[in-house]
Structure formats: structure tokens, C-alpha cells
Amino acid sequence: KLLALAERAWAPDPDWANFTARSDRMDGLDQAWNRFANTLAQRDLPRMDHLWGSVNYRLPPPGVILEDGLMQANVALPGLQIHFTTDGSEPTLQSTRYEGPLEIPAGATVKVKCFSVTGKSSRTTTLLME
């Protein structure tokens with residue numbers, strides 16, 4: 001959150017902030033978020049892992065839903081990997097990597113985490129299959 005605050009506090013006002021048409025403003029905001037999120041996840045967070053003995057920061061947990069019998073997951077920052085388990089154990093980098101919607105067996109306890117390129121992990125998101 002501090003990185004986003006610093007970005008807005010020291011950067012000049014973005015062009016999209018002055019657009020009068022809502023759709024143009026939202027398109028500009030989406031593009032700015034995409035640049036910021038990509039820079040943060042792929043450059044700044046790995047850099048922070050190596051500065052001053054590692055800076056402690058949190059990764060956003062993945063979002064997980066069950067839709068039409070399929071588990072779907074995503075994460076707010078590009079470049080983060082999503083890994084999951086279906087046996088109730090905590091996911092690690094060695095757990096199955098999420099690549100797209102998949103069918104989960106009934107009765108499974110699905111646990112999902114996202115990981116940075118340096119192996120730092122988010123909190124766990126749990127989905128109970130009935």
C-alpha cells in the first residue's frame with residue numbers, strides 16, 4: 001500500500017485524471033493500473049526481497065470461485081503463480097500450478113496460494129467442495 005501511496009504522491013497527475021468522458025477515464029485508469037501492477041510484481045517486489053535482508057510485505061491472496069462446476073482462480077498482480085492442493089494440505093511451490101479452470105472432486109478441500117518469483121507466498125484461500 002505504501003508503494004501505491006508513494007507512486008501517487010510523488011508522480012505528476014496522470015492524464016486520465018483530467019478526462020471528462022467516464023469511459024476514457026476508466027480506460028486510462030485500467031492502463032495505469034496494468035503498468036503499476038506489472039512493475040510492482042515483476043520488478044519492485046523481487047528487488048525488495050534482496051534489499052536490507054528482505055523487506056517484509058504481503059502478497060494479495062488469490063480469488064477463488066466455483067462456477068458451473070469448475071474452480072476458477074485469479075490474483076491481482078500479474079507475474080504471481082497460483083498453486084493449489086485438493087487434499088487440505090498447505091500449497092507450496094511444488095504443489096500443482098493453476099493453469100485454468102478445472103473440475104474438483106466432491107468432498108475435496110481446496111487450498112490455494114499465490115507465490116512470487118522468489119518463492120514468497122500469500123495467505124491461503126480455502127474452498128470446500130460439497
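In strand S6 (residues 109-115), the bridge partner of Gln81 is Phe115, and this pair belongs to the contact between S6 and strand S3 (residues 81-85), two strands that run antiparallel and are joined by five bridges. Helices (H or I, at least four residues) and strands (E, at least two) are here DSSP runs, numbered from the N terminus, and two strands are said to pair if DSSP finds at least two bridges between them. The model is a predicted one, in which local features need pLDDT of at least 70 and side-chain atom pairs count only at pLDDT 80 or more, while totals for chains, interfaces and linings use all residues. Residues are numbered from 1 along each chain as its sequence is written, and side-chain values use heavy atoms, with hydrogens and water left out.

Strand S3 is also joined to strand S4 (residues 96-97), by two bridges and again in the antiparallel sense, and in this pairing His83 stands opposite Arg97. These strands belong to an open sheet of four strands, whose order is S4-S3-S6-S7 and whose pairing is antiparallel. The edges of this sheet are formed by S4 and strand S7 (125-128), each of which pairs on one side only.

Strands S1 and S2 form a hairpin with two residues between them. Asp68 lies in the loop between these strands, and this residue has a positive phi of about 55 degrees although it is not a glycine. With a relative accessibility of 77%, Asp68 counts as exposed.

Among the helices, H1 (residues 2-10) and H2 (residues 22-50) were examined as a pair. Their axes lie 12 Å apart and meet at a packing angle of about 120 degrees, where axes are lines fitted to C-alpha atoms, for helices over the stretch in contact, and angles run from 0 to 180 degrees between N-to-C directions. Angles under 35 degrees count as roughly parallel, over 145 as roughly antiparallel, 65 to 115 as roughly perpendicular and the rest as oblique; H1 and H2 are therefore oblique to each other. Ala21 lies in the loop between H1 and H2, and at 31% relative accessibility this residue counts as partly exposed. The C-alpha atom of Ala21 is separated by 37 Å from that of Ser116, a residue 95 positions away along the chain.

Rings of Phe, Tyr and Trp (its six-membered ring) pair if their centres lie within 6.5 Å, and planes under 30 degrees apart count as stacked, over 60 as edge-to-face and the rest as tilted. By this rule the count comes to one aromatic pair, formed by Trp33 and Phe36, which is tilted, with 5.9 Å from centre to centre and 45 degrees between the planes. Both residues lie in H2, three residues apart, or about one turn of the helix, and Trp33 is partly exposed, with a relative accessible area of 44%. A charge is taken to sit over a ring if NZ of Lys or CZ of Arg is within 6 Å of the ring centre and within 35 degrees of the ring normal. Lys120 lies over the face of Tyr57, at 4.7 Å from the ring centre.

Key. Buried < 20%, exposed > 50% of the residue type's maximum accessible area, 1.4 Å probe, protein only.
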